[in-house]
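Subject: Structure handover and notes

Hello,

Please find the structure below. My notes on it follow.

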Amino acid sequence: MLELEKKIGYNFKNKSLLNEALTHSSFANEHKSKHIKYNERLEFLGDAVLSIVVSDYIFKHCPELPEGELTKLRASLVCEKSLFEFAKKIELGKYLVLSKGERNNGGAERPSILSDAFEALIAAIYIDGGIEPARKHILNFVIPSIKNSRKKSVRDYKTTLQEIIQKNPGERLEYVPVSETGPDHDKHFVVEVHLNSNVIGRGGGRSKKEAEQQAAREALELMGY
């Protein structure tokens, strides 16, 4: 348990909460005991804490995204696939308390079990230390994931638009800076994408690349893609 606490950078005051977060229902069923606490209730609370922390972060740090895009981004960050990847980073599977049968059947590597345990761990931290330690724990995983998804989306929107335009020889695509506002630590850029000098998209962001991404995205939407 101490090893896991070092990995997540949080020391529990109430160690029983950590034990509960790591205990799967199969263990309680195997021992036919009503006194063994397992992680399903914590998972329920952890899901809610995860959602509010992620929503709060992307709302504040992705001002260029409309509501629909924020919803998609949040969904991608709190889905089972993402939580499974987060859990693997701290080798959560090896700390889980499972029945012999569940462990022998690969339960410690199963995405559904690991993602649920990750949510339960969030709740345990939240109950033990409050929202700030829980927020810190969540963002340790979420921020790098957002950065990676943004890199992909920057490449995808611009590349997709470029590939479409290249199908028509002679067409010229250009990204034109429109404005740059705000202090150095909080810049906001606006960029237009031009097709043969005609504006086909406009976007804003915290960097020129982000603004170009949004401009390309708008152009694709207007073109029906």
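How many salt bridges does the structure hold? There are 19 salt bridges, a salt bridge being a side-chain nitrogen of Lys or Arg within 4 Å of a carboxyl oxygen of Asp or Glu.

Some conventions before the details. This is a predicted model, in which local features need pLDDT of at least 70 and side-chain atom pairs count only at pLDDT 80 or more, while totals for chains, interfaces and linings use all residues. Residues are numbered from 1 along each chain as its sequence is written, and side-chain values use heavy atoms, with hydrogens and water left out.

Salt bridges

One of the salt bridges joins the side chains of Glu 3 and Lys 94, at 3.0 Å from N to O. Glu 3 belongs to helix α1 and Lys 94 to the loop between α6 and α7 (100-104), so this pair ties together parts that are 91 residues apart in sequence. Helices here are DSSP runs of H or I with at least four residues, strands are runs of E with at least two, and both are numbered from the N terminus. Glu 3 is partly exposed at 42% relative accessibility, and Lys 94 is partly exposed at 49%. On this scale buried means under 20% relative accessible area, exposed means over 50%, and partly exposed is in between (1.4 Å probe, protein chains only). Glu 3 and Lys 94 are also linked with Lys 7 and Glu 91 in a network of salt bridges. Within α6, the residues Ser 82, Leu 83, Phe 84, Phe 86 and Ala 87 are buried.

Glu 5 forms a salt bridge with Lys 15, where the closest N and O atoms are 2.7 Å apart. This pair links distant parts of the chain, with Glu 5 in helix α1 and Lys 15 in helix α2, 10 residues apart. Glu 5 is buried, with a relative accessible area of 2%, whereas Lys 15 is partly exposed at 38%.

A further salt bridge is formed by Asp 184 and Lys 187, with 3.7 Å between the closest N and O atoms. Asp 184 is exposed, at a relative accessible area of 72%.

Nonpolar cores and a surface patch

The largest nonpolar core has 46 residues, and those with the most contacts inside it are Phe 12, Ile 58, Leu 92 and Phe 118. Such a core is a set of buried Ala, Val, Leu, Ile, Met, Phe, Trp, Tyr and Cys residues joined through side-chain atoms within 4.5 Å. The elements that give two or more residues to this core are α1 (2-8), α2 (15-22), α4 (40-61), α5 (67-78), α6 (80-89), α8 and α9 (131-166). Of these, α8 gives the most, with 10 residues. Another core lies apart from it and has 15 residues, among them Tyr 175, Val 191, Ala 216 and Leu 220.

Leaving aside neighbours within four places in sequence, Phe 12 is in contact (heavy atoms within 4.5 Å) with Glu 5, Leu 17, Leu 18, Leu 121, Ala 124, Ile 125 and Asp 128.

On the surface, Ile 52, Tyr 126, Ile 127 and Ile 131 form a nonpolar patch with about 340 Å² of accessible area together. Patches are made of residues with over 30% relative accessible area and no salt bridge, with like charges joined within 9 Å and nonpolar side chains (Val, Leu, Ile, Met, Phe, Trp, Tyr) within 5 Å. Accessible areas come from the Shrake-Rupley method with a 1.4 Å probe, and for residues only the protein chains shown count as cover. Ile 127 lies in helix α8 (residues 111-129) and is partly exposed at 46%.

Strands β2 (residues 188-195) and β3 (residues 198-205) run antiparallel and are joined by seven bridges; two strands pair if DSSP finds at least two bridges between them. Leu 195 stands opposite Asn 198 in β3. The hairpin has two residues between the strands. In the loop between β2 and β3, Asn 196 has a positive phi of about 50° although it is not a glycine, and Ser 197 has a positive phi near 75°. Asn 196 is partly exposed at 32%, while Ser 197 is exposed at 55%.

Arg 217 lies in helix α10 (residues 208-222) and is buried, with a relative accessible area of 12%. Leaving aside neighbours within four places in sequence, Arg 217 is in contact with Pro 66, Glu 69 and Tyr 157. The C-alpha atoms of Arg 217 and Arg 202 are separated by 8.7 Å, with the two residues 15 apart along the chain.

Regards
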